[in-house]
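Hi,

Here is the structure I promised to pass on to you. Have a look at it first, and then read my notes below with it open beside you.

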Amino acid sequence: MDQETAKKLLVEGGTFIFLGVPQETQFGIDMQCWNTDEDFRGIKMIPPGLHYVHYAAVNKDTGDVSPRSGFMHYFDKKEFLVKMWDKHLEDISREEISEESIQRLRENLLNIDKHLAPYPYEIWQKWKLLSSQINADLAKKLSPETGLIRSSVELLSTSDADRPRGVKVTENSEVSTITENNDEISNPSQSGLKRTRRSTQQEKEEAMLPNLKPAPGMSMRFTEIPKDKYPPGSAPEEITKHYLDQSYTLELMIRAHDEPLYIIGEMQFAFLCFLIGHSLEAFEHWKSMVMLFCSCEDAIHKYRSVYFHFIKTIEIQIDEMPEEFLADIVMNKNLVYKKLRELFRTAYMSKVDGRLLTLIESLKENLSQKLQWDFTGLDSDEDDERPVVVKLNDTD
């Protein structure tokens with residue numbers, strides 16, 4: 001970094017002291033990660049704002065790396081944050097550091113300074129783009145109650161009494177039940193007749209699985225995507241409309257936040273927890289949010305500012321997508337590709353204009369050039385997207 005920036009960060013930047021971290025531990029901040037040496041004591045010159053601190057214990061004998069953990073923290077100007085390593089848990093200590101200890105460390109900062117790594121300023125601009133809509137309150141709201149974001153969440157089994165004993169399936173408009181001891185699914189009808197079929201091996205195995213739940217306080221607190229895609233009491237034609245245009249569902253999620261743009265912040269938070277925190281739960285939520293954004297038409301016009309930031313965000317996120325996930329999108333044309341194609345077609349058909357259209361066109365061209373994604377023929381449906389006509393039998 002240039003000298004002027006360095007001087008400014010020396011004065012205004014935050015400091016993170018991390019005591020007792022074993023040598024060779026994986027430690028990082030934002031998108032940068034290192035293996036610590038024996039003199040490591042933390043990070044200095046941290047630009048004010050939101051940051052993601054993460055770490056993973058490493059077995060000295062085998063070199064095996066434990067699942068990654070971390071937390072998001074908003075550093076104020078000149079903030080001095082102190083944490084300790086718990087060698088028994090091989091994790092960050094849950095004990096609070098006394099104010100007296102913090103003050104002693106602060107007074108001894110000149111001697112500690114040589115053991116502090118400077119913040120990797122070269123990633124700062126990209127980090128700001130990836131986290132632009134996440135503030136301190138939103139990060140706290142979405143993080144687990146423990147405050148720690150883990151790639152591997154501890155699961156607890158329910159009691160034997162609560163373990164599921166079967167699953168329900170529907171056959172010929174009748175509800176049947178798989179039981180633990182029977183190989184058949186049956187349901188006596190009112191007429192006394194009995195319809196049976198053999199249960200599949202998968203159904204029987206799933207029926208016997210325990211109901212595992214995350215340990216208290218360890219789950220992400222993402223906004224739940226509503227299962228009902230339409231308002232209560234909707235007529236059949238209204239239900240169809242809301243499944244084709246899911247603006248109603250998106251609006252419910254936007255209303256769950258204090259500000260409309262916080263929905264973009266949640267999407268950014270989920271992506272960062274996947275990209276940096278290695279959380280597959282966060283990846284699934286991010287993917288569901290992308291698919292929802294791309295399945296709306298009315299919302300594009302009603303929430304233009306939200307969609308403006310969505311387009312900017314999805315472009316930088318795809319640039320940072322890990323190669324193995326990106327290859328899956330490119331080679332298999334998975335749902336992310338298909339939904340982006342749907343979004344571009346919706347923008348074309350619903351006559352989106354102005355800066356939003358310019359941004360959409362720019363994203364489409366960039367994806368076509370960088371990834372060779374084919375977005376031609378947006379004015380027609382692909383074979384697997386055409387409506388299916390189902391003939392219903394007449395009933396008396």
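In helix H9, Ile263, Ile264, Glu266, Met267, Ala270, Phe271, Cys273 and Phe274 meet Ala282, Phe283, His285, Trp286, Met289, Val290 and Phe293 of helix H10 (contact means heavy atoms within 4.5 Å; helices are DSSP runs of H or I with at least four residues, strands are E runs of at least two, and both are numbered from the N terminus). By class, this contact has 13 nonpolar residues, one polar and one charged (Ala, Val, Leu, Ile, Met, Phe, Trp, Tyr, Cys and Pro count as nonpolar, Asp, Glu, Lys and Arg as charged, and the others, Gly among them, as polar).

Before going on, please note that this is a predicted model, where local features need pLDDT of at least 70 and side-chain atom pairs count only at 80 or more, while totals for chains, interfaces and linings use all residues. Residues are numbered from 1 along each chain as its sequence is written, and side-chain values use heavy atoms, leaving out hydrogens and water.

Back to the helices. The axes of H9 (residues 262-275) and H10 (residues 280-293) come within 7 Å and cross at roughly 145° (axes are lines fitted to C-alpha atoms, for helices over the stretch in contact, with angles from 0 to 180 degrees between N-to-C directions). H9 passes H10 in a left-handed crossing (the near helix is turned anticlockwise from the far one by less than a right angle).

How do H12 and H15 lie to each other? The axes of H12 (residues 304-320) and H15 come within 9 Å and cross at roughly 15°. H12 and H15 are therefore roughly parallel (angles under 35 degrees; over 145 is roughly antiparallel, 65 to 115 roughly perpendicular, and the rest oblique). Their crossing is left-handed. Among the residues making the contact are Tyr307, Phe308 and Ile311 of H12, and Leu356, Leu359 and Ile360 of H15. By class, there are eleven nonpolar, two polar and six charged residues in that contact.

H15 (residues 354-371) also meets H14 (residues 335-349), with axes that come within 11 Å and cross at roughly 140°. That makes H14 oblique to H15. Leu340, Phe344 and Ala347 in H14 touch Ile360, Leu363, Lys364 and Leu367 in H15. This contact has six nonpolar, no polar and one charged residues.

Now the largest pocket: 30 residues line it, and Phe71, Lys83, Thr146, Gly147 and Leu148 lie nearest its centre (a pocket is an open set of points on a 1 Å grid over the protein atoms alone, where a 1.4 Å probe fits, with protein on both sides within 12 Å along at least five of seven lines; lining residues have an atom within 4 Å of a point). Strand S6 (69-75), strand S7 (80-86) and helix H5 (136-142) each give two or more residues to the lining. The lining divides into 15 nonpolar, five polar and ten charged residues.

Finally, find Asp86 in S7. Asp86 and Gly20 are 66 residues apart in sequence and 7.7 Å apart in space, C-alpha to C-alpha.

Best wishes
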